[in-house]
Amino acid sequence: MQTIDASGMLYRDLNELVRDSISRGVKEICLINVNGQRYIGDGLAKDASTIIEGTPGNDLAAFMEGARIEVHGNVQDGTANTMNGGTIIIHGDARDALGYSMRGGEVYVRGDVGYRVGIHMKGYQDMNPAIVVGGKAGDFFAEYMAGGIMIVLGLGLAPDEDIVGNYCGTGMHGGVIYLRGEVAPEQLGKEVKVVSLTKEDTRILDEYLHNYCRYFGVEREEIDKKPFRKLIPYNKRPYGNMYAGW
Amino acid sequence: MLREGQIRIPSGCAISGIMNKKGRVFGGGDIINSIAVMHDRSNGLGGGFAAYGIYPEFKEEYAFHFFFDHTAIKNEIEALLKKNFIIASGEAIPVRKSNSIKDAPLIWRYFVRPKHRVLVKQEVDEEEFVVRFVMRVNSEIDGAYIFSSGKNMGAFKGVGYPEDIGEFYRLEEYSGYIWTAHGRFPTNTPGWWGGAHPFTLLDCSVVHNGEISSYDANRRQLEMYGYKCVLQTDTEVVAYIFDYLMRKQGLPLDVIVKAMASPFWHEIDRMNKKEKEILRAIRVVYGGFLVNGPFSILIGTNQGMIALNDRIKLRPSIAATKGDYLYVASEEAAIRQVCSKPEHMWMPRGGEPVIGLLETSQPTCVPVRTEQEKIAINS
C-alpha cells in the first residue's frame, strides 16, 4: 500500500500522483490529511482501492468506472456525480447532490445526506446504481429519479426528525426507493406512490443491508426493528404530455 | 486572449465566516486560510472581507472606507466630509504591494462623527444621516465610493482572489471578533472593485454565493425608502433590505428571516392558525423584500453573524461550533482548515437561519431556533 500525505497539496498535483500510481499497478493507496481537494478518483476505471482520511473536496469519484473508495470522514457536494461503476464507502455524512445522475455502482453512507441526493439517477439493463443512507436525507431526495435503487435507514433519528425532507421523489419516473420509516403524503412528490414490499424486494434489500452492516459494523437486528416502505413512480413518463400534448 | 464569458470557468462563489460569541478578538489569518481552501470556487475577479471589533480606538466614530479614482475626487470628498462631519482621523488604508493585485484605486479611511448642527438642520438621527450620505456619494459623485460605513468594523475588498486581497490589505495585522470572507465568480455583472463583496451599510455587511433573481423587484421596493442601488451587483439589495427591516422597521431577527426567505404558501397552509396568520401578514406586508433565487448568505453586524439559505437550498452551507466559536462556510474543508475538531457540525436546511449572537448582544427578540441549533450555539 502506498501512502500520500495530501497536506496543503493542490488538487491537480494530488490527483496526478494518484493516477500515476494506479497506472503503475499500485492496488491500494491511502491519502492522509485530505482537506478540500476536488475531483479525487474521477474517471478511475482500474480495479484499485483508495482510502481517504479527511474531507475530500467536491465531485469525489465523478465518472468513476469501477474503483473502490473508502472515506474516513465526511464528503462534500457532488460525490459520485455521473458515476458508472465501483463502490464508495463513506464513514461520515455526505452533502448535497450525492449520486447526481449516477448510472452504476454503489454508494454507502454511514450517516446523513444533504439536499438533492440521487437527483436524476438512472438505470438500464444490468446497470443498476444504488445509494444506501444510514441516517436521514434532505429535500428533493431522488428528484427526477429514472432508475436504480435508493435506500434510507433512518438510524439514530430523534423522535421528531423526518427520515426524508420535502419533495421526495418529485418527477420520479423509474427506479425504486426503500424508506425504513414513516413518510407523510405532503413530503412526497405527486409522481410517487407508497406500496408494500414483495419477496423480491426483501431479497434485494437484504443484499444491500448486509453490505451496510459489514462496512460499518452495524448490527442487523438494529435495522430489522422497523419495517420498510417502498416508493415507486405512478408513471414512466409523467411529463410525456407537457410539451407535446395534442 | 479569450475573455471571461468566452471561456467557461467552472466554479461558484465561496463564503466563510468565523465568530467568537464572547466578543474576544482574533487575527485575520484564520479567515484568509479558510477562504483560501475554496480557491477554485472563485476566478480572481473579486474577493473581500468584513471584520468587526477592529477599530477599538475609534469605536464611537463611523469608519468610512473609500475608493477614489483619482486625487481630485479625494480632495472634493474631503471638503464634503469636513462640511458635514467632525473627522477624528483620516489616512490611506495600509496595503502591501503585490503582483497579484493590479489597478487598485486610492483606498482611504476616515473616522467621522456627524456634526450636531447638521443633524438638527436635517432633523434626522446620526445613523439615518450617515445612510443618506453614503447613498448620496455612491449615486451622485463619479469616481468615489464608500464601501464601508459602520462603527468599529470595516470591509476590505477588491479585484483578485480572496487570499491575495487579504494579503494586500495586511489583514493579519487586524484583530476582530467576527470575520466574514468572500471569493467571487461574477456571473451576470462586471468584476470591479466596488462590485466585490462584502456589501455594507452602517455595521451590516453581506457576503453572498448565488444570484438574487428578485433583484429588480427588491430594488424597486427599496428605492421607495430612499435606498439607491448603484453598485451593479445583485447582493447590494440584501444589505439594504436588512438595514431597512432591522434598523428602520425594528423587526425581530426571526421575522426578518421569514420575510427574506418566506415559507411557500402551500407550507403556510399546513401551519396552525396563529403561525398562519403571522406568516401571511409577513408575506403580505413585506412581499417586496422576499429574496428569490439561489443564495447562501452571511450577514455580519456588531451584534453577531447570521447565515441564511434560499428556501430550497440551491447553494451549499455548513455550520460548526467549537468552544466559543461559530463557523459557517460553503464547504466543510474551509471550516476544518482552521478548526481541527469541531464539536458540532450540521447542514442548515433551506430557509432555516443559523443565528450566532454575541453573549453581550441585546437582540430585539429571542429568535426561533431548532433544537439542534440551540444545542450547537449555546453549548
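The numbered points below comment on the two chains of this predicted model and on the contact between them.

1. Overall form of chain A. The secondary structure of chain A consists of three helices and eleven strands. Read from the N terminus, these elements follow the order β-α-β-β-β-β-β-β-β-β-β-α-α-β. A compact globule of 246 residues would have a radius of gyration near 18 Å, and the 18 Å computed for chain A agrees with this. Along the principal axes, the C-alpha atoms of chain A fill a box of roughly 55 × 50 × 30 Å. Of its 246 residues, 52% count as buried. Among contacts in chain A with a separation of 6 or more, 40% are made by residues 24 or more positions apart.

2. The sheet of chain A. Eleven strands of chain A form an open sheet with mixed pairing, in the order 1-2-3-4-5-6-7-8-9-11-10. Its edges are strand 1 (2–5) and strand 10 (192–195) of chain A, each of which pairs on one side only. On average, and with direction ignored, neighbouring strands of this sheet are turned by 15° against each other.

3. Strands 2, 3 and 4 of chain A. Strand 2 (residues 28–35) and strand 3 of chain A run parallel and are joined by six bridges. Within chain A, A:L31 stands opposite A:I52, which lies in strand 3. Strand 3 (residues 49–55) of chain A also pairs with strand 4 (residues 65–72) of chain A, again in the parallel sense, over five bridges. The residue opposite A:S49 is A:R68, in strand 4 of chain A. In general, strands of a sheet pair through backbone hydrogen bonds, in either a parallel or an antiparallel manner.

4. Overall form of chain B. Chain B contains twelve helices and 18 strands. Its radius of gyration is 20 Å, close to the 21 Å that the globule rule gives for 379 residues, so chain B is as compact as a globular protein of that length. The box filled by the C-alpha atoms of chain B, taken along the principal axes, is roughly 60 × 50 × 45 Å. Residues 24 or more positions apart supply 75% of the contacts in chain B that have a separation of 6 or more.

5. Nonpolar cores. Which residues have the most contacts inside the largest nonpolar core? They are B:V238, B:I241, B:F242, B:I256, B:M260 and B:Y327, in a core of 106 residues. Helix 7 (residues 236–248) of chain B gives the most to this core, namely nine residues. With residues up to four places away in sequence left out, B:V238 touches B:V206, B:H208, B:I212, B:V291 and B:I297. A second, separate core has 72 residues, including A:I52, A:A67, A:A137 and A:V176. A:I52 is also the residue that stands opposite A:L31.

6. Helix 8 of chain B. Is helix 8 (residues 253–260) of chain B mostly covered or mostly uncovered? Helix 8 of chain B is mostly covered, with seven of its eight residues buried. The buried residues are B:L253, B:V255, B:I256, B:V257, B:K258, B:A259 and B:M260.

7. An exposed position in chain B. B:E140 belongs to helix 4 (residues 126–140) of chain B. This residue is exposed because 10 other C-beta atoms lie within 10 Å, where the cut-off for exposure is 12 or fewer. The C-alpha atoms of B:E140 and B:V230 are separated by 9.6 Å, although the two residues are 90 residues apart along the chain.

8. Contact between the chains. How many residues does the contact take from chain B and from chain A? It takes 15 residues from chain B and 15 residues from chain A. On the side of chain B that touches chain A, the residues divide into seven charged, six nonpolar and two polar.

Definitions and conventions. Residues numbered from 1 in each chain as written. Chains lettered and ligands numbered in written order. Predicted model: local features only at pLDDT ≥ 70, side-chain atom pairs only at ≥ 80, totals over all residues. Helix = DSSP H or I, 4+ residues; strand = E, 2+ residues; numbered from the N terminus. Buried ≥ 20, exposed ≤ 12 C-beta atoms within 10 Å, placed from the backbone. Contact = placed C-beta atoms within 7 Å. Nonpolar A, V, L, I, M, F, W, Y, C, P; charged D, E, K, R; others polar. Pairing = 2+ DSSP bridges. Axes fitted to C-alpha atoms, helices over the stretch in contact; angles between N-to-C directions. Core = buried A, V, L, I, M, F, W, Y, C linked by C-beta atoms within 7 Å. Rg over C-alpha atoms; globule rule 2.2 N^0.38 Å.
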